[in-house]
Amino acid sequence: MAEHDVDVKAMLTRLGIDPGGENPGVYDGAFAAGTGGALASHSPADGALLATVAQATRADYERCVETGLAAFPRWRMAPAPARGEVVRLMGEALRAHKDDLGALVSLEMGKVLSEGLGEVQEMIDIADFAVGLSRQLYGKTMHSERPRHRMYEQWHPLGTVGIISAFNFPVAVWAWNAFIAFVCGDVCLWKPSEKTPLTAIAVCKVIDGVLERSGWRGISNLVIGDVVQVGEPLLDDRRVPLVSATGSCRMGKIVGPRVAARLGRSLLELGGNNALIVMDDADQDMALVATAFGAVGTAGQRCTTTRRLMVQRGIAAAFTERLVASYGSIKIGHPLESGVLCGPVIDDDAVRMYERAVARIREEGGEILCGGSVLDRAGCYVEPTIARVPTDFALAREETFAPILYVMEIADIDEAIRVQNDVPQGLSSAVFTNSMKTAERFLSHAGSDCGIANVNIGTSGAEIGGAFGGEKETGGGREAGSDAWKAYMRRQTCTLNWGDDLPLAQGVEFEI
Ligand code: NAD
């Protein structure tokens, strides 16, 4: 065993994964080996082969869609609270497997163990939320302008929800979508990231017993396969009324138009380029921790990662110096090792992307204050990096999915908001200030243009109770809490005449 305490083979086995062996890449109420060739899953922590997966082909995809369609007519007619009970049981199954699943998330994706466990906790939280929601799928009633008429809105299930998920939240994103979709009466078809297939299989293994015992196998389906065999067929499939896709803006620019071309619905959760503003009057201790966690947590691979730090002139030099010093105490290493705060990035491609970005920062006149190197050890480890750049630095307008933080100096809140908003993405944003006026200015209509705007809280780590998502190239979708459930249902306006006449709306006369 390496420097950590987890017995990897035992952990994989408890989750139903065959360590070193080939695992089924298809789940449609039964697990099946896909016929699309083997996909290897290596841990970014040390490059070790965890297991392989027999990937799905187009034919396997077809079977999964048919399974969902066959389950839907009965599932949609189950009372919503009964559907909530099935989700409650899934949440309980996740509670029972939290330690193993959290460790697998860490091992396959690379986030440190407390974040791996936190991700499974997020699934459990959303299950709890969905259970309550199953009794609260409210529609409005309206007063009709016509006598003895009743008018109201009701919400019906959509059908099959296609879920495309990213590698960085390999299990939570499925739960955000699936648990809400299930209580809404939908069935789901999941296409996870090809970089994290084992966590997806493990989730299906965890919930399989619940589906079997409750008699609801078929509502939750999984296809692990490449974009050509299963990704793009999902986009073009008229039997899938909603495609919820989480990933890069590049992917969203393909998915959005393609689903729209068949007039389907898409829910897009795409890249971010999140800024944290620290004003002269801020609590600097709080701002420091929020910045370090936001920029380094998950090795800079959260959609809400802090990528740009804007510090007001009066404290910029001193605050930056403290931040650089704090990076010196961040332990980089195996995600399952205690005390480690920064694990690996996902793969060699991510390491190369980091190297290219660091080289470009230097070429284009940025100043690397700390970090900037790839660690010479097994696994995909890079140094968390801080670069001082001007506010118009071109590379800072892009999302580089790595722990690189750009520090900029700003004169006042107006300049900070202008620079913050002047990027294509619009996910998360934060200001640290003790001025009520500055906070309200940031939250006003003329303030942050992001889907998430925080005061004295960092950009990273949202709670599930709020609607989650962002504007502009982040895609405009909303998931998780609040009324995000409405995206998973179709609205129907009903008017019922209990009188003896047929009055027309707007006083229109039509005598025959
Ligand atoms: P990615 O875009 O490379 O892949 C995401 C998913 O899309 C994968 O399952 C992939 O197979 C699939 N995909 C890619 N092209 C496709 C196509 N043409 N048709 C169908 N499916 C396709 O993203 P990634 O590297 O896995 O994840 C990182 C990105 O995700 C970052 O940009 C991050 O900000 C973003 N992200 C956003 C949120 C959010 O809620 N806004 C959450 C997590 C991650």
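Trainee: What should I keep in mind before I start?
Mentor: This is a predicted model, where local features need pLDDT of at least 70 and side-chain atom pairs count only at pLDDT 80 or more, while totals for chains, interfaces and linings use all residues. Residues are numbered from 1 along each chain as its sequence is written, and side-chain values use heavy atoms, with hydrogens and water left out.

Trainee: Okay, how many residues are in the largest nonpolar core?
Mentor: That core has 78 residues, and those with the most contacts inside it include Met90, Met123 and Trp174. A nonpolar core here is a set of buried Ala, Val, Leu, Ile, Met, Phe, Trp, Tyr and Cys residues joined through side-chain atoms within 4.5 Å. Buried means under 20% relative accessible area, exposed over 50%, and partly exposed in between, with a 1.4 Å probe and protein chains only.

Trainee: And which helix gives the most to this core?
Mentor: Helix α6, residues 172-183, with eleven residues. Helices (H or I, at least four residues) and strands (E, at least two) are DSSP runs, numbered from the N terminus.

Trainee: What does Met123 touch?
Mentor: Leaving out residues up to four places away in sequence, Met123 touches Trp174, Ala175 and Phe179, among others. Contact means heavy atoms within 4.5 Å.

Trainee: What about the second core?
Mentor: The second core is separate and has 57 residues, including Ile346 and Val407.

Trainee: Switching to the ligand, which residues come nearest?
Mentor: Of the 28 residues around the ligand, Ser165, Glu194, Ser248, Leu270 and Glu399 do. A residue counts as near if one of its heavy atoms lies within 4 Å.

Trainee: New topic: is Ser220 buried or exposed?
Mentor: Ser220 counts as buried because its relative accessibility is 1%. Ser220 is found in strand β10, residues 220-223. Beyond residues up to four places away in sequence, Ser220 touches Tyr27, Trp174, Phe182, Cys188, Ile207 and Leu211.

Trainee: Where is Ala80?
Mentor: In helix α3, residues 80-96. Ala80 counts as buried, at 16% relative accessibility. The C-alpha atoms of Ala80 and Cys184 are separated by 6.9 Å, though the two are 104 residues apart along the chain.
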